[in-house]
Amino acid sequence: MSPQQATLDQAKVNEFLGKAIQDVAATFHAGLVLIGDKLGLYRAMADGGPMTAAELAKRTGARERYVREWLSAQAAGGYVTYEPATGRFTLPPEHAFLLLDADLPGAFQLGVGSIHAEPRIADAFRTGEGVGWHEHDPAVFEGCERFFRPGYAMNLASQWIPALDGVKARLEQGGRVADVGCGHGASTIIMARAFPRSIITGFDYHPASIEAARRAADKAGVGDRVTFEVASAKAYPGSGYDLVTFFDCLHDMGDPVGAARHVRGSLAADGTWMLVEPFANDRLEDNLNPIGRLYYGASTFLCTPASLSQEVGLALGAQAGEKRLRDVLTEAGFKRVRRVAETPANMVLEARA
Ligand SMILES: C[S@@+](CC[C@H](N)C(=O)[O-])C[C@H]1O[C@@H](n2cnc3c(N)ncnc32)[C@H](O)[C@@H]1O
């Protein structure tokens, strides 16, 4: 034992090792979740009840030897339970709800997709250069949509828009909405469904995302009610919008103040900007929790490099917090800013000129 090792608190070494082993196992587990999602293994378990590896293999057309190893890992990770007496594995209904109904594998898809960029991001640490959102693996775009959509589906039409002053009634009558940085259009489609009389346009600077959003709108049966256009947040067309929305994208932009000014100019006189951002407290020490860890990690791979790749490169990061966001809005000339809602994942600000 080296003199340095002799001074170590062995209990703390063991505690940290245990934590790190969990993280290494979770890294492999992320890939296993993607396989379970892609091959329908979770779906088959949810539909079929307790089953052996051979039964799950038969139901899904996957090879039994692979399925057995996958199930063993799922059981070791607490995703499924194992009954030694029968050799059967069970996906508890609560887990099935999150994995299937709440599309939890999308979060893993976002994480795994992001890590593909590790060599480029490591280089960017040395050079200080940015990496654009559009430069990532396509799994990032799809995973991002899947990660955020369930929260929007649960809150956007039922909680967040009603929390804005007078906006719900306006959209019910037929208002004009711009959804900026719309990505694959999850939020745009939800609003189109909820407010069929409104004219809703989604904008994003990433052409492949706009094409995906158009396909998603057609699939959702609202393709005739929404339009999607390639445009940056500082230059999207139109004016007199009753509502402009930004969902989890302002902090990805290089010049959020410039974008905020453009929003102000595009709103109707009494229009509203709804800014949805990742939930964060103002101080780093108050974000040292699992949600903060998730967002700081995503922010290192995605949001910070994306912002640094654009003009100004303010790099707010995904954990900017309300105070820094308010500063951006105030600098752009918004005078009335109010936090109207929050969830563990998101904070919602209403801004008016
Ligand atoms: C984290 S994703 C969020 C996408 C979508 N709003 C959602 O919630 O699923 C950020 C989005 O911002 C877009 N974006 C980044 N910078 C932009 C800019 N300057 N102008 C317009 N869109 C931008 C990206 O292309 C990406 O679709």
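Helices here are DSSP runs of H or I with at least four residues, strands are runs of E with at least two, and both are numbered from the N terminus. Before going on: this is a predicted model, in which local features need pLDDT of at least 70 and side-chain atom pairs count only at pLDDT 80 or more, while totals for chains, interfaces and linings use all residues. Residues are numbered from 1 along each chain as its sequence is written, and side-chain values use heavy atoms, with hydrogens and water left out.

Arg149 and Glu145 form a salt bridge, with 2.8 Å between the closest N and O atoms. The term means a side-chain nitrogen of Lys or Arg within 4 Å of a carboxyl oxygen of Asp or Glu. Glu145 counts as buried at 17% relative accessibility, and Arg149 as partly exposed at 29%. The cut-offs are under 20% relative accessible area for buried, over 50% for exposed, and partly exposed in between, with a 1.4 Å probe and protein chains only. Both residues belong to a salt-bridge network that also includes Asp37, Asp103 and Arg146.

How many salt bridges does the structure hold? There are 23. One of them joins the side chains of Arg293 and Asp23, at 2.7 Å from N to O. Arg293 is in helix H14 (residues 290-308) and Asp23 in helix H2 (residues 10-38), so this pair ties together parts that are 270 residues apart in sequence. Arg293 is exposed, at 51% relative accessibility; Asp23 is partly exposed, at 27%.

Another salt bridge pairs Glu322 with Arg339, where the closest N and O atoms are 2.6 Å apart. Here a helix meets a strand: Glu322 lies in H15 (residues 321-331) and Arg339 in E8 (residues 336-342), so parts 17 residues apart in sequence are tied together. Glu322 is buried, with a relative accessible area of 11%, and Arg339 is partly exposed, with 31%.

Now the strands. In E3 (residues 176-180), 4 of the 5 residues are buried, so the strand is largely enclosed by the rest of the structure. E3 runs parallel to E4 (residues 199-204), and 5 bridges join them; strands count as paired if DSSP finds at least two bridges between them. The chain gets from E3 to E4 through helix H11 (residues 186-194), in a right-handed β-α-β crossover. Right-handed means that, with the strands pointing away from the viewer, the path from the first strand over the helix to the second runs clockwise. Within this pair, Val180 has Phe203 of E4 as its bridge partner. E3 also pairs in the parallel sense with E6 (residues 241-247), over 4 bridges. There, Val177 is partnered by Leu243.

Leu104 sits in the loop between helix H6 (93-101) and helix H7 (105-115).

Last, the chain as a whole: 15 helices and 9 strands, with buried residues making up 45% of the 353.
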